[in-house]
Amino acid sequence: MVKVAVFASGNGSNFENLVKKKREGLLKGDIVLLIVDKKEAYALKRAKKLGIESVFIDPKSFLSKEEYEKEIIATLKKKDIDFIALAGYMRIVGETLLKEYEGRIVNIHPSYLPELKGKDSIKRAFETKKDFTGVTIHFVDRGVDTGKIIYQEKLVIDKKWTLEELEKKIHELEYEIYPKGLNLIFDKESY
Ligand code: GRF
């Protein structure tokens, strides 16, 4: 079975959801490792509770992005990781990691791409009074939220919702479709 590492920078609710979905038999990959780039990331606490190995790799302790990503790769290789799922990892993936895991890095983005690329997509959808937004699962390439789309779903915005309500709906949709999007790939590839 494909061995997956999740990368996160903060809360880690998508990471936890993927682990739970795997345990419920609803994800066709095994989440074996969490990597974070912030030592205060709440995702670390979730990993501990779930019994999943986690590693904090501090970008600041390397002279370059290349060195930082080489350390990530060495960590991934030690655990025989085949595939990377970004979930709230607030860093642009560099050339070194992209080359090593070519076509095997995916991201979840809280908008209906190509709409609302980049940061604060949920807030921007709310503030600009969009009729709909959504969630997209896509491959990671050299751009920001530009890679090939694997799966996406729309969410029609009820004008009565507060920003918090919209955020909640988006996260619920994320928990439902991230496993779906990953399964689409894991069904096709042999690892
Ligand atoms: C999610 O909204 C995800 O789409 C975005 O960052 C957020 C991470 O949330 N890329 P969490 O850390 O999984 O709770």
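Where is the place of Asp80? Asp80 falls in the loop between helix 3 (65–78) and strand 4 (83–86). Helices (H or I, at least four residues) and strands (E, at least two) are DSSP runs, numbered from the N terminus.

## Basis of the model

This is a predicted model, in which local features need pLDDT of at least 70, side-chain atom pairs count only at pLDDT 80 or more, and totals for chains, interfaces and linings use all residues. Residues are numbered from 1 along each chain as its sequence is written, and side-chain values use heavy atoms, with hydrogens and water left out.

## Backbone features

Most residues other than glycine have a negative phi, and most peptide bonds are trans. Asp80 has a positive phi, near 55 degrees, and is not a glycine. Leu116 is not a glycine either, and its phi is positive at about 55 degrees.

Leu116 belongs to the loop between strand 5 and helix 5. Pro114 lies in the loop between strand 5 and helix 5 as well. The peptide bond from Leu113 to Pro114 is cis, with omega near 10 degrees.

## Ligand contacts

The residues around the ligand are Asn11, Gly12, Ser13, Asn14, Gly88, Ile108, Pro110, His171 and Glu174. Each has a heavy atom within 4 Å of the ligand. By class, this shell holds two nonpolar, six polar and one charged. Ala, Val, Leu, Ile, Met, Phe, Trp, Tyr, Cys and Pro count as nonpolar; Asp, Glu, Lys and Arg as charged; the others, Gly among them, as polar.

Polar contacts are pairs of N or O atoms within 3.5 Å. The side chain of Asn11 places an N or O atom 3.1 Å from a ligand oxygen. A polar backbone atom of Gly12 is 2.7 Å from an oxygen atom of the ligand. For Asn14, a backbone N or O atom is 2.8 Å from a ligand oxygen. Taken alone, the ligand exposes 370 Å², and the protein buries 85% of that (Shrake-Rupley method, 1.4 Å probe).

## The largest pocket

The ligand sits in the largest pocket, with more than half of its atoms within 2 Å of the grid points. A pocket is an open set of points on a 1 Å grid over the protein atoms alone, where a 1.4 Å probe fits, with protein on both sides within 12 Å along at least five of seven lines; lining residues have an atom within 4 Å of a point.

The largest pocket holds about 910 Å³ of space, taken as the volume filled by probe spheres set on the points. Its lining has 37 residues, and Gly88, Met90, Ile108, His109 and Pro110 lie nearest the centre. Helix 1, strand 5 (105–109), helix 5 (121–127) and helix 6 each supply at least two lining residues.

Technical notes
Polar contact = N/O pair within 3.5 Å; in protein donor to acceptor, adjacent residues only side chain to side chain.
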